[in-house]
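Good morning, and thank you for making time for this presentation. I would ask you to look at the sequence and the structure together as I speak.

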4 protein chains.
Amino acid sequence: MEDMVAFFESDAFAQYLGIELMEASEGRAKARLEVKQIHLNSHKTVHGGVLFALADAVFAVASNSYGTAALAIHADISYFKAVTEGILTAEAQELSRSKKLANYSIKISDDRGNVVSAFQGMVYRKEKSPVQK
Amino acid sequence: MEDMVAFFESDAFAQYLGIELMEASEGRAKARLEVKQIHLNSHKTVHGGVLFALADAVFAVASNSYGTAALAIHADISYFKAVTEGILTAEAQELSRSKKLANYSIKISDDRGNVVSAFQGMVYRKEKSPVQK
Amino acid sequence: MEDMVAFFESDAFAQYLGIELMEASEGRAKARLEVKQIHLNSHKTVHGGVLFALADAVFAVASNSYGTAALAIHADISYFKAVTEGILTAEAQELSRSKKLANYSIKISDDRGNVVSAFQGMVYRKEKSPVQK
Amino acid sequence: MEDMVAFFESDAFAQYLGIELMEASEGRAKARLEVKQIHLNSHKTVHGGVLFALADAVFAVASNSYGTAALAIHADISYFKAVTEGILTAEAQELSRSKKLANYSIKISDDRGNVVSAFQGMVYRKEKSPVQK
């Protein structure tokens, strides 16, 4: 998990938002976010972009967990329930992985365990450069 | 446009990211973002979550431009080209609008005018409460 | 399940493709399709539109299982693996359901149990007319 | 356009549905479908799977127009308006194309020119085998 922690910590945007990595292993990752005022939209609920960014953070860790650079090429998110406060948790699961492409499903839950949003993401996997660690 | 500027300025997350509203009218909006270090991911390119949030900001303004609260229910984004610096511009266009649902297409361009990402979003339109402004 | 069988049997397109309903209950449905030559595309693999239609059939049954007309407003599909022959099975699971909106996740498997495609769909739920059954 | 007509004519499923190719050039394609009873769903409107298949047909022609096999990896569709009869027309436009990936936007219109559905699709472009035509 060390490499993945280092990978996550180098994600400036996830850090800026306050996302915390909880677990990571090959093809999987889990993170959390404590909702703060900066995470709200004009309707005073958690911003769709924040829910997306939280899901995206675990998507990035899970898809980059094999030592091959994985670049997001598509993602979509469905919003089920507005959230105004508390701790949000996102968990990534791998749906498929071939040499060049992989797919992940991420569920976001509120602190009562209700799934508030579902995210799917696809990556393109680059050849590992011989120099790259 | 005044109401829409006020609506946009009350979006705490868009403000936190540095997104600037450029234009807004019924069903349309345009915004920009100057790429900073906090917007980067672990690959040192602009974070997918930042591109999403920029598109989401104009999606929110365009869809809430009729005085009816519009709540995002689905969004998806395709990434065409990695960006590392400069000014990003997002522009929303309305694809459809009925009493309860509306759809928007957002294109994000880099400062050479290349489309780097395409976003589609759908909202559910709530009845305007008689009390609500 | 009787109502759902009747509902499914009135789906002319699903019948035209040869889709068979296997199971149905509130918020859930399962169907199968035996791959024939008419289901293939120009690359001689099962057509993306066939995989979509199979998933769509169980999505329709599951989302219309409560006696409220549910109209599809969005769907997306990711293709993991090309299929050329055999029996395909699609199974729908409900991710969320509120008064007006509901979301479903459908997985399509080949006859070895490999997930070859994942589909997500969202419906808008119409008020049940008092006259309607 | 000859190669693309041959490519389209080898699409067994598109033929089975009655889809007619109208135009094709590099990165673009247009097709039409006359709505028949077999295209309807249980609500007696044109089946979501039919709208998808029509869009998918032009997506396939447009993305395979460069002599490189293009395999669909993701597609999504938004439904704006139910259709019950008439001629549907789908037109594909290329949003981006790199060596391995390309993205297309397809709009489906009814016979009054109203856009009834919007589709986005992504392909993975395989290396052309030296043997393959």
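Predicted model: local features only at pLDDT ≥ 70, side-chain atom pairs only at ≥ 80, totals over all residues.

Seven residues of chain A and seven residues of chain D take part in the contact. On the side of chain A that touches chain D, strand 3 and strand 6, the latter covering residues 115–125, each supply at least two residues. Strand 3 of chain A gives the most, with three residues.

I turn now to the single chain, with chain A as the example. Chain A has three helices and six strands. Read from the N terminus, the elements of chain A follow the order α-α-β-β-α-β-β-β-β. The C-alpha trace of chain A spans about 50 × 25 × 25 Å along its principal axes. How does the radius of gyration of chain A agree with that of a compact globule? For 133 residues, a compact globule would have a radius near 14 Å, and chain A has 15 Å, which agrees. Of the 133 residues in chain A, 51% are buried. Among the contacts in chain A with a separation of 6 or more, 64% are between residues 24 or more positions apart.

Strand 6 of chain C, residues 115–125, is mostly covered, with eight of its 11 residues buried. Strand 6 of chain C runs antiparallel to strand 3 of chain C, residues 70–79, and nine bridges join the two. In this pairing, C:Y124 of strand 6 has C:L71 opposite. Strand 5 of chain C, residues 101–109, is also joined to strand 6 of chain C by nine bridges, again antiparallel. Here C:S109 stands opposite C:V115 of strand 6. Strand 5 and strand 6 of chain C form a hairpin with five residues between the strands, and in that hairpin C:G113 takes a positive phi near 85°.

We come to the contact of chain A with chain B. How many residues of chain B are in contact with chain A? There are 30 residues of chain B in contact with 30 residues of chain A. On the chain B side, the elements giving two or more residues are helix 2 (12–17), helix 3 (48–63) and strand 3 (70–79). The largest share, eight residues, comes from strand 3 of chain B. This side of chain B divides into 16 nonpolar residues, 11 polar and three charged.

An open sheet of 12 strands runs in the order 1(A)-2(A)-4(A)-5(A)-6(A)-3(A)-3(B)-6(B)-5(B)-4(B)-2(B)-1(B), with antiparallel pairing. Strand 1 of chain A and strand 1 of chain B, each covering residues 20–25, stand at the edges with a single partner strand, so one side of each is left without a neighbour in the sheet. On average, and ignoring direction, neighbouring strands of this sheet are turned by 20° against each other. Helix 3 of chain B packs on the sheet, where the strands touched include strand 3 of chain A and strand 5 (101–109) of chain B. The direction of helix 3 of chain B makes about 135° with that of strand 5 of chain B.

Key. Residues numbered from 1 in each chain as written. Chains lettered and ligands numbered in written order. Contact = placed C-beta atoms within 7 Å. Helix = DSSP H or I, 4+ residues; strand = E, 2+ residues; numbered from the N terminus. Nonpolar A, V, L, I, M, F, W, Y, C, P; charged D, E, K, R; others polar. Buried ≥ 20, exposed ≤ 12 C-beta atoms within 10 Å, placed from the backbone. Pairing = 2+ DSSP bridges. Rg over C-alpha atoms; globule rule 2.2 N^0.38 Å. Axes fitted to C-alpha atoms, helices over the stretch in contact; angles between N-to-C directions.
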